[in-house]
Amino acid sequence: MFLFKKVPSITAQELQEKLKKPIELIDVRSPEEFAQGHIPKAKNVPLDKIQSYKPKGKTVYVVCASGPRSKRATQYLVSQNVDAYNIEGGMMMWNGTLKVGYK
């Protein structure tokens, strides 16, 4: 089954280290969820729009609320030969700074 396939993943703590340098981070939650609080520098690409997403760099990090949506998005991106990593536990595991609003 699709959700049980292993995908490349990192922890929220590992993401905090990666954010010390420029990275490509997408948040696959709905625009409303994203606006309520997201990781600074994250771009909102709702899961239902992932097929039209074109990565700018060679590596993409993917986050959602708790993990299942970002795992599905990561699996899709990997199937498209993108070097993508799921953030384990999603925003529930994030204890860093949040930005509120759509940008």
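Predicted model: local features only at pLDDT ≥ 70, side-chain atom pairs only at ≥ 80, totals over all residues.
**Entry 1: Arg69 and its partner**

I began with Arg69, which counts as partly exposed at 24% relative accessibility. Which residue does the side chain of Arg69 meet in a salt bridge? I found Glu33, at 2.8 Å from N to O. Arg69 lies in helix α3, residues 68-79, and Glu33 in helix α2, residues 31-36. The pair therefore ties together parts that are 36 residues apart in sequence. Glu33 is also partly exposed, with a relative accessible area of 23%.

**Entry 2: The other salt bridges**

I looked up how many salt bridges the structure holds, and the count is three. Side chains of opposite charge can pair when their charged atoms come close.

Next I took Arg29. Arg29 forms a salt bridge with Asp27, and their closest N and O atoms are 2.8 Å apart. Are these two residues buried or exposed? Arg29 is buried, with a relative accessible area of 7%. Asp27 counts as buried too, at 0% relative accessibility.

Then I turned to Lys20. Its salt bridge is with Glu17, and the closest N and O atoms are 3.0 Å apart. Lys20 is exposed, at 62% relative accessible area. Glu17 is partly exposed, at 49%.

**Entry 3: The sheet**

I wanted the strand order. Five strands form an open sheet, in the order β1-β5-β4-β2-β3, with parallel pairing. Which strands are at the edges? They are β1 and β3 (43-44), and each pairs on one side only. Strands of a sheet pair through backbone hydrogen bonds, either parallel or antiparallel.

I then went through pairs of neighbours. Strand β1, residues 9-10, pairs with strand β5, residues 83-87, over two bridges in the parallel sense. I noted Ser9, whose bridge partner in β5 is Asn86.

Strand β4, residues 59-63, pairs with β5 over four bridges, again in the parallel sense. Here Val60 stands opposite Ala84 in β5. I followed the chain from β4 through α3 to β5, and this β-α-β crossover is right-handed.

Ile26 stands opposite Lys43 in β3. I also checked where α3 sits: α3 packs on the sheet and touches β2, β4 and β5. The direction of α3 makes about 170 degrees with that of β5.

**Entry 4: Thr59**

I picked Thr59, which lies in strand β4. Thr59 is buried, with a relative accessible area of 18%; the cut-off for buried is under 20%. What does Thr59 touch, leaving out residues up to four places away in sequence? I listed Glu24, Asp83 and Tyr85. I also looked at Leu98, which is 39 residues from Thr59 along the chain. Their C-alpha atoms are separated by 22 Å.

**Entry 5: Gly90**

Gly90 came next, and its place is in the segment after β5. Gly90 counts as buried, at 1% relative accessibility. Not counting residues up to four places away in sequence, Gly90 touches Val63, Cys64, Ala65, Ser66 and Gly67.

**Entry 6: Positive phi**

I searched for positive phi in residues other than glycine. Lys41 has a positive phi of about 80 degrees although it is not a glycine. Where does Lys41 lie? I placed Lys41 in the loop between α2 and β3. Lys41 counts as exposed, at 66% relative accessibility.

Asn81 is another entry on this list. Its phi is near 65 degrees, a positive value in a residue other than glycine. Asn81 lies in the loop between α3 and β5. Asn81 is exposed, with a relative accessible area of 74%.

**Entry 7: The record**

Last, I opened the UniProt record. The unreviewed entry lists residues 19-100 for "domain: Rhodanese". I took the composition of that stretch from the model: over residues 19-100 the chain is 22% helix and 20% strand. The end C-alpha atoms of residues 19-100 are 18 Å apart.

Methods
Residues numbered from 1 in each chain as written. Heavy atoms only, no water. Salt bridge = Lys/Arg side-chain N within 4 Å of Asp/Glu carboxyl O. Buried < 20%, exposed > 50% of the residue type's maximum accessible area, 1.4 Å probe, protein only. Pairing = 2+ DSSP bridges. Right-handed = clockwise from strand over helix to strand, strands pointing away. Contact = heavy atoms within 4.5 Å. Axes fitted to C-alpha atoms, helices over the stretch in contact; angles between N-to-C directions. UniProt positions renumbered as here; feature names shortened; annotations may be inferred.
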